[in-house]
Amino acid sequence: MRKKKHTPNRLLTDTLREIKNTRSRFFSIMILSALAVCFLAGLRVTEPDMKNSVDRYLDDQKLMDLRVVSTLGLTDEDLEAISGQEGVELAQGAYTIDATVEVAGNDSTVKVLSYTQDINLPVLLEGRMPENAGECLVEPRFLLETGAALGDTITLYTGTGDYEDALIQETFTIVGSANSPLYLGVERGSSTLGTGKVNYFILLPMDAFQMETYTDAYLLMEGAAELMTYDTDYEELIEGYIDALEPFADERAALRSESLRDEIAEGEQELADARQKLADAQAEIEDARRELDDGWADYQEGKADYDSGYREYQDGLKEYQDGVAEIEDARRQMEDGWAQYQDGLDEYTQGVYDLDDAARQLQAQQDTFMAGLDQFRVTLNQLGASQGLNYPDNDSLLADLADPDKSAVIDGLLEGTRKDLENGIALLNQVADLQKSVDAQTGELDAKQAALAALEPDSPEYAVLSQEITELGTALAADQTTLAFLQGLVQSSLPAGATVESLQAQKSQLEGLSAGFFYSSYQAILGGWDQIMAGQAQLEKAKKQLDAAYEVLEEGQAQLRAGEWELIFAQEDLKEAEAELEDGRRELADGLAELEDGEAEYADGYQEYLTEKADAEEEMADAQKKLEQAQRDLEEKGDCEWYLLDRDTNIGFVSYSMDADRMGNLASVFPLIFFLVAALVCLTTMTRMVEDQRVAIGGMKALGYSKGAIAIKYVGYGFLASAVGALVGLGIGLTLLPWIICTAWKIIYNFGDIYYGVEPLTSITACLAAVGTVTLAALGACFSTLTAVPAQLMRPKSPPMGKRILLERIGPLWQSLSFNYKITLRNLFRYKKRFWMTVVGIGGCAALIVTAFGLRDSIFAVMDKQYDEIYRYTSLMGLVDRVTPGEWAEVEDALEESPLVEDWTREHTETITAESDSYTADATLDVVEDGSVLERFVNLRHRTDSDPVTLPQEGVIITEKLSLLLDVEVGDTITLDGDSRVEAVVADITEHYIQHNVYMSSAYYEELFGQEPEGNAVMVRYDVDDPQAAALEQSLVSLDGVNSLTRMEDTRQTFGTSLKSVDYAVALIIVCAAALAFVVLYNLTNINITERMRELATLKVLGFYDGELSAYIYRENVILTVFGVGLGMFLGKLLHQWLILTVEIDLLMFSREVEPASYLWAILLTTAFSLVVNLAAHFKLKKLDMVESLKTVE
Amino acid sequence: MAYISLDHVVKRYQMGEVTITAVNDISFEIQKGEFVIIVGPSGAGKTTVLNILGGMDACDEGTILVDGKEISRCSSRQLTSYRRYDIGFVFQFYNLIQNLTALENVELAAQICKDPLPAREVLVHVGLGERLNNFPAQLSGGEQQRVAIARALAKNPKLLLCDEPTGALDYVTGKAILKLLQDTCRHQGMTVVVITHNTAIAPMADKVIHVKNGRVDRVVLNQHPTPVEEIEW
């Protein structure tokens, strides 16, 4: 016992090793389970995920649960009353109006909505929220399609109807782009403006509206947010509320009608009162005017008197002022005269003084000169005594000085004296120098003599010295002689006592003296005296002039004084007059002030009157209009009525629900087929596995293991593989698939984050189904095997009997087959189970691929067929309402003249509702002249046989999808609800894919509606790819008569985008189907090889080449694939037929056909997978061990 | 020159980290038309010899010559051709294709040969003239083995290799099969090699090669082989 405890469970070891050794089989089962669960759970969960995502989004954005619309608008009291009702969590008034906006020449029709932060919250995507009433939010598509940008200004025209003055202004600045929960999808509803189709919505703050009443009230209901909006719970809750609110709504509506009538009566009374008041005020103001006018007349008279007096006074004053000016002038002249006279007098006096000074100076000069002359004369006399020169007095000297000869003598004398003095000085200097030399020699001699005395007489020096002394004594004696001569010369030629200094002084005394000098000085003095005499004469003359001037001045002064008196009298007179005038003036001013006060008062009064009048008139006009409006409303719309609308009336909300349902439909059967194929293959794989292990099971059983214990290995194997696969598949399926599909739907629907639900029921069912299939298959196979006794098991299972197949009975055919094919065919038909499983497996996958590609074909063929084949016109031009003949002529000319336009016709188009007993759908009504015209622009034909369809004069042609929706056939009658309700006979049904059309002739229109159709649109055909096309379009749109131009190409692109979202789902299916096909083929081939290992090994030993051996298997595979593909094509076609009807939406008809290319793709893909799998098998066979053939049979 | 000769043949198997020498330096010769029995206990390497001789496996060392052709140097494809044209193989468990009748099983082998014997005749020759169109499941073990022998013979091979041909058969049937093989050798000059662990049947051979532990223990030549009928075991 103890030992056993320590031994690992060998059953477990066996199982684990089994998994390890058969990895590819294990993974095949795992992948198949994963794919099956992923696809089933994933697609099944997509619908609830789509709905939940939107539910959350709508809860977050607080989308209204109910919308109340009143035919006569809603008042604040109405709202208050609504709020008070049970179950109403929030009630808010809102405005919804239609407008047209023009961007880049194209008119678009827009819904203009008010928004608040309490309900229907917009989701800001770009920019910011509006901060004032002049700013707006647009939807992102608006920016994208019109080319407008944030910050641009747009102008909203609200038409001339109910909404003419609904907005406080026309222009708004785009500050952001936003989505609104009110518009989930791309549909924007309809309008009475433009072409009738609303293109965009625009959000404005509440205060941008100035409407009397709200157009809508949005309600949030209690307990609604908690419920899933697409659930019946929610529907029931809201329906309950509607039922409860219905009586209240009727009551309020009646109240509103009544109060409106009261208001009308009241308003009329008020209007009359106001008119009376206005008349009274006018009379009053007219009286005041009259009084004032009288006052003005009086004032004017007084003013005239005053003016004439004033003019007189002004003249007098002028005269006086002239006089004063004259006197002033004269006085100034007098003063000038006197000043001039005084200046003359001063000048004269100064002249007298100056002359005296000059005379005195000259006298002094003369005296000095005379003294100098005296001295000169004495000197001359001294010097010239030797030459007989003697001047007794100055006069004689002056006489000689005047004579040039005499004066030359004098100058010579002076010059000689100066030379003598210079010689004397030189002589004296020479004597002095010589005296100094003698003194020096004497000294030297004495010194030498003394030295000699000291010396021995015999000595040589003595002799030399004595010789020198002798020589010196001789020289000295010579010099002394010379000196004595010179001293003698001094004594003779020079006065005694004369020194160098005294001689120098004498010389300097003589310096500068000459005869000319004295003569010219004397002449100058004489000239001075002449000048003084002349000055005296001038002065006397001036004195005489001065005296004469004085006389004249005295006389003028007397005259001036007389004038001054005269002026003083005149001034007195003027002053008197001025005082008088001043009085008059003051009187007038007072009068004027009074008048002006009166006038101002009147003006104020009048102004007041005018404003009041304008106000009153405006008010009255408003009141009048309102009254008229109210009256008209009452008349036209009858009594007020309230409508309680729930979310099901919101187009986007409903169409999303339908699309989600469609995804649900897609998920109902499609993945089930997928799942079945996968399960079938899993099941086979498990069964084969158990059967392969027959001998091992027998051995185990012989060892004494219980059935359960043995079975657990296989059951565990299957369970593990499928459970792991299922969980992985579930994980991927619950996230990736909803993500791909929701992301795709987001192209045409605006909602928030994707919600990934688990959907426990679906998930668990899918997992259980996958795991259960595999596990139960294992269990079943085990038990059928286990019931046998061990001995039987240990023996090789008798292989299925070789049998003759049916084909062999057809002798000639069988004989003609090659041996290889005989074997192959017999093999194929011997294992019927394997045959069917493989054919169904491959067929299923091929069918899925065909369906997926076919789905794509059907969806995209729509575009090509609709736009390339059916529509023959390229653009639709919308004309303005009630186009005038002039405007139309312009349009006609433009179309006729353009070389680009190939064809055009004017038609009437409108959106109508087509009804039958079973269904109601919106459709476009096109009215043209007759069938031949229509044919030029629309290709009418039967879808199935392409037979052309002609529009008859009587009856309508409807498009195919509309006929399907309404469930009508040719000859049936449908109701058209347009301007009026009429019944029309369906004459034929035409192929058409996008939206619904009803075509009829003008004549039939007139017959039905009783009026001529208004040609409000033009169908045009031209080459849109031509470079001139854009210019043509622009020129057309710019015409007055043209409202809009829609290019089919643009519509095509818009549709193309929305169809893209379906394409994603299709791509997903293609990938999954392809993956499944691959795994199935791989698995089947694998089984085929594994279970025939021994046979193959034997063939190899027999000498089959690798190629032959592979071919042995391939032949079977190829035939199986061919059968499978054939079946797949057939199944695919069926599946596609069914699926296309399931996923189709009301607005579209998908093509019912699968393109040959899609079949080809399916075949190619399946074949390609088959080839890849065969290639893998080839390598596996190559490695096959021949020893296998020697083993005992297991 | 012998018809078949093995010269110092060595064959090793790599089992994970262990190298097992299944055949260790074996040499022997077989003459054309000889009936040879290779005998030895389980694990002695006789099956390996069969595999190598039958072209199902290549040897690591040594040379093998069959009718002048060096088998030991053949490529995988040449080996297949060798099996195809030169070898007839008889398995212990017959290895018939269950889906083919007796005749068809023989035809299966015959159709890939250059110069096959008529399938029907061969079957008649092995005594199954009455059961040509029976499927293997409808035949007894002995009959199935006869079909297998017919299949091998129809190829008109140079060498008939039999792996324990009586291993799955009872005594009487086994004897009959051995008789068939011996007759084939004697009457048609076919070279037959039988591999068995049953030493009792050794006397019926022209040459008995005893294999033990991967080596040739001894080679016994019977000058006078005993007819099968006289052998008891």
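Modeller: I740(A) sits in helix 14 of chain A, which covers residues 707-745. This is a predicted model. Burial would take 20 or more. Leave aside residues up to four places away in sequence, and I740(A) touches Y1064(A) and L1068(A). Another residue to look at is A1067(A), 327 residues from I740(A) along the chain. The C-alpha atoms of that pair are separated by 9.9 Å.

Next, a pair of helices. Two packed helices are described by the angle between their axes and the distance between the axes. In chain A, take helix 20 (residues 832-870) and helix 28 (residues 1106-1143). Their axes come within 6 Å and cross at roughly 40°. The crossing of helix 20 of chain A with helix 28 of chain A is right-handed. Their contact holds 16 nonpolar residues, eleven polar and one charged.

Helix 2 of chain A is another case. This helix runs over residues 10-21 of chain A. Its twelve residues should span 16 Å at 1.5 Å a residue, and the end C-alpha atoms are 16 Å apart, so the two values agree. How many of the twelve residues of helix 2 of chain A are buried? The number is zero, so helix 2 of chain A lies largely in the open.

Now the contact between chains. On chain A, 22 residues are in contact with 22 residues of chain B. Two elements of chain A give two or more residues to this side: helix 19 (819-830) and helix 27 (1093-1101). Helix 19 of chain A gives the largest share, five residues. By class, the chain A side that touches chain B has eleven nonpolar, seven polar and four charged residues.

Chain B itself has six helices and ten strands. Of its 233 residues, 51% count as buried. Consider the contacts in chain B between residues at least 6 apart in sequence: 70% of these join residues at least 24 apart.

Conventions
Residues are numbered from 1 along each chain as its sequence is written. Chains are lettered from A and ligands numbered from 1 in the order in which they are written. This is a predicted model: local features need pLDDT of at least 70, side-chain atom pairs count only at pLDDT 80 or more; totals for chains, interfaces and linings use all residues. Two residues are in contact if their C-beta atoms, placed from the backbone, lie within 7 Å. Helices (H or I, at least four residues) and strands (E, at least two) are DSSP runs, numbered from the N terminus. Ala, Val, Leu, Ile, Met, Phe, Trp, Tyr, Cys and Pro count as nonpolar, Asp, Glu, Lys and Arg as charged, and the others, Gly among them, as polar. Axes are lines fitted to C-alpha atoms, for helices over the stretch in contact, and angles run from 0 to 180 degrees between N-to-C directions. A crossing is left-handed if the near helix is turned anticlockwise from the far one by less than a right angle, and right-handed if clockwise. The expected span of a helix is 1.5 Å times one less than its number of residues. A residue is buried if 20 or more other C-beta atoms lie within 10 Å of its own, exposed if 12 or fewer, and partly exposed in between; C-beta atoms are placed from the backbone.
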